2 protein chains.
Amino acid sequence: MTPPDFAEASAVTPLGEGSYSVEVPAGWDVLGATNGGLLLATTARALMAETGRVPVTLTAHYLAPVAPGRATIATDLVKRGRGFTTATARLSQQERDCMAVLGSFGTIEADPQVLLQDAEPVVLPAAPGQMDRVRADAEVGLPPPLMDRVDIRLHPQDAGFMAGQASGQARMRAWVSPGAAWDPPGVILACDVLPPTIFNANLPVNWTPTLELTVHVRSIPGTEYVRVDSRTRFVSHGRLEVDSLVWDERGDLVAQSRQLMLVPRPAS
Amino acid sequence: MTPPDFAEASAVTPLGEGSYSVEVPAGWDVLGATNGGLLLATTARALMAETGRVPVTLTAHYLAPVAPGRATIATDLVKRGRGFTTATARLSQQERDCMAVLGSFGTIEADPQVLLQDAEPVVLPAAPGQMDRVRADAEVGLPPPLMDRVDIRLHPQDAGFMAGQASGQARMRAWVSPGAAWDPPGVILACDVLPPTIFNANLPVNWTPTLELTVHVRSIPGTEYVRVDSRTRFVSHGRLEVDSLVWDERGDLVAQSRQLMLVPRPAS
């Protein structure tokens, strides 16, 4: 059976009293753990239904891996104001809290109204259709099944790690499309769907769990693909950050995100 | 009466059942609204007491301004794990929710273990003692009373806005000291205590309310002052971000923070 596309994979069913049921899909995982971007996108969908508004800034703290199967999202309104509604959510699976979320919901301006832009959209060497799509390797498990769900076209300079040739720069640049119409949950997914930046960094770093992810949604993409530029500048004190900038094909800013990950201690 | 120093200003008194009482001090405000960094630092103190751990990543959503006087912080543990405790808090004043917080608490490594550093600490032109301290102007209200509470030595290139000469770059660089021993709440304060970056940007931007602030604490400063480098790259879609990097005098990374602020619509 083919795993569901993004819209279906992130669907929620209301249970009443602010709770939602979720069927976490198979085939959206990395080494067995469901992608954190999908989980936050799904929770955003529950909070959109609950608040009647769209996510402007959302923070998730990841407490435990989520496996395919039934999960529950419990939402709680903190404040409904004139411009924003602030709310929390917890995603749990088999009575275990797996993710805690805090976000503010409002409106997304269609008009970019750019007053200041002090960075250029990341440049990719060709249009999406002219670049190779990353595909999952079912036998090895990496690239993970997730890569067959989302259309990702990595910058060739950043793709060498898959053949054992890391670029030396902790950066991943790509065209990304969720294979569904863009909506705010799709933007959230795009912020957390590329391979880890540090796969390109020549570091003794392996599985890097995410502690926290914050996404600022600035706009909804007006084009089929977005450009995602993810970078890590600081691996220290046992932690590293991943900063992502998302732009649409026209160069409009779509989102900024940052996550905090843990550097595993080297085997001693 | 002299307003309290940082340690006293951010003190909390346990009320039992996870609640804490706070006396929000006068003299820590900007145009009547208490500084958001102080409020998050104070809430961090309550959560440190509750979790027995120190903040690693903290997110605050600001719902309403906080005035000097009594406030209450209600905390709630989400999960206590082996390495991290995740918890939420709400700060309320006169039955009104003013701030919602989500954070994870753990330990801060004393050894920096720098595996990757892809940016240099911001350079200030002289040692803190050789640079002018920003002082409040009680008559005009700006610089605000807050400037007399925290020791801030702005880079001369970024200080011209006070004399009506904005640099044109949405950036503020400074030495900062809380005038008290450094602790994690002091680091949080340092992330949100400089004048708004956009005061230097030649933009028709006035009072800019903060919607959300996220702080990643990497280390506790080993020196009296820290270097703070705050920048804004994108003012668009009615919002702007402020990214801050905090380093100690030796050049060790102390914290990364990002906040999302609202661009007020121009008067029509």
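Two strands count as a pair once DSSP finds at least two bridges between them. With that in hand, welcome to a tour of a predicted model.

**Figure 1. The hairpin of β1 and β2 in chain A.** Strand β1 of chain A, residues 13-16, pairs with strand β2 of chain A, residues 19-24, and the two run antiparallel with three bridges between them. A handy place to start looking is A:Thr13, which sits opposite A:Ser21 of β2(A). Together β1(A) and β2(A) make a hairpin, and two residues lie between the strands. In that turn, A:Glu17 has a positive phi of about 55°.

Figure 2. Where does A:Glu95 lie? A:Glu95 belongs to the loop between β7 (85-93) and β8 (96-106) of chain A.

Figure 3. You will find A:Pro143 in the loop of chain A between β9 (116-117) and β10 (151-154). Over in chain B, the peptide bond from B:Leu142 to B:Pro143 is likewise cis, with omega near -10°. The loop that holds B:Pro143 lies between β9 and β10 (151-154) of chain B.

**Figure 4. Helices α2 and α4 of chain A.** Two packed helices are described by the angle between their axes and the distance between the axes. For helix α2 (residues 36-51) of chain A and helix α4 (residues 184-191) of chain A, the angle is about 160° and the axes are 8 Å apart. Angles over 145 degrees count as roughly antiparallel, so α2(A) is roughly antiparallel to α4(A). The two helices have a right-handed crossing. From α2(A), the contact takes A:Gly37, A:Leu38, A:Leu40, A:Ala41, A:Ala44 and A:Arg45, and from α4(A) it takes A:Pro184, A:Pro185, A:Ile188, A:Leu189 and A:Cys191. Sorted by class, the contact of α2(A) with α4(A) has nine nonpolar residues, one polar and one charged.

**Figure 5. Helices α2 and α4 of chain B.** In chain B, helix α2 (residues 36-51) and helix α4 (residues 184-191) cross at roughly 160°, and their axes come within 8 Å. This angle makes α2(B) roughly antiparallel to α4(B). The crossing of α2(B) with α4(B) is right-handed. Among the residues that meet here are B:Leu38 and B:Leu40 of α2(B), together with B:Ile188 and B:Leu189 of α4(B). The contact of α2(B) with α4(B) counts nine nonpolar, one polar and one charged residues.

**Figure 6. The rotation that relates chain A to chain B.** Chain A is superposed on chain B by a rotation of 180°, with 0.0 Å of shift along the axis and an RMSD of 0.0 Å. The two copies are thus related as by a two-fold rotation axis. Which residue of chain A comes closest to the rotation axis? That is A:Leu102, whose C-alpha is 3.3 Å from the axis. The same surface serves both copies, as 100% of the contact residues of chain A recur in chain B.

**Figure 7. Where chain A touches chain B.** How many residues of chain A are in contact with chain B? The contact involves 48 residues of chain A and 48 residues of chain B. On the side of chain A that touches chain B, 21 of the residues are nonpolar, 17 are polar and ten are charged. Strands take part in joining the chains too: β14 of chain A (residues 234-236) runs antiparallel to β9 of chain B (residues 116-117), and two bridges join them. To spot a bridge, look for A:Phe234, whose partner in β9(B) is B:Gln117.

Terms used:
Residues are numbered from 1 along each chain as its sequence is written. Chains are lettered from A and ligands numbered from 1 in the order in which they are written. This is a predicted model: local features need pLDDT of at least 70, side-chain atom pairs count only at pLDDT 80 or more; totals for chains, interfaces and linings use all residues. Copies are superposed by least squares on the C-alpha atoms of residues with pLDDT of at least 70 in both. Two residues are in contact if their C-beta atoms, placed from the backbone, lie within 7 Å. Axes are lines fitted to C-alpha atoms, for helices over the stretch in contact, and angles run from 0 to 180 degrees between N-to-C directions. Helices (H or I, at least four residues) and strands (E, at least two) are DSSP runs, numbered from the N terminus. Angles under 35 degrees count as roughly parallel, over 145 as roughly antiparallel, 65 to 115 as roughly perpendicular and the rest as oblique. A crossing is left-handed if the near helix is turned anticlockwise from the far one by less than a right angle, and right-handed if clockwise. Ala, Val, Leu, Ile, Met, Phe, Trp, Tyr, Cys and Pro count as nonpolar, Asp, Glu, Lys and Arg as charged, and the others, Gly among them, as polar.
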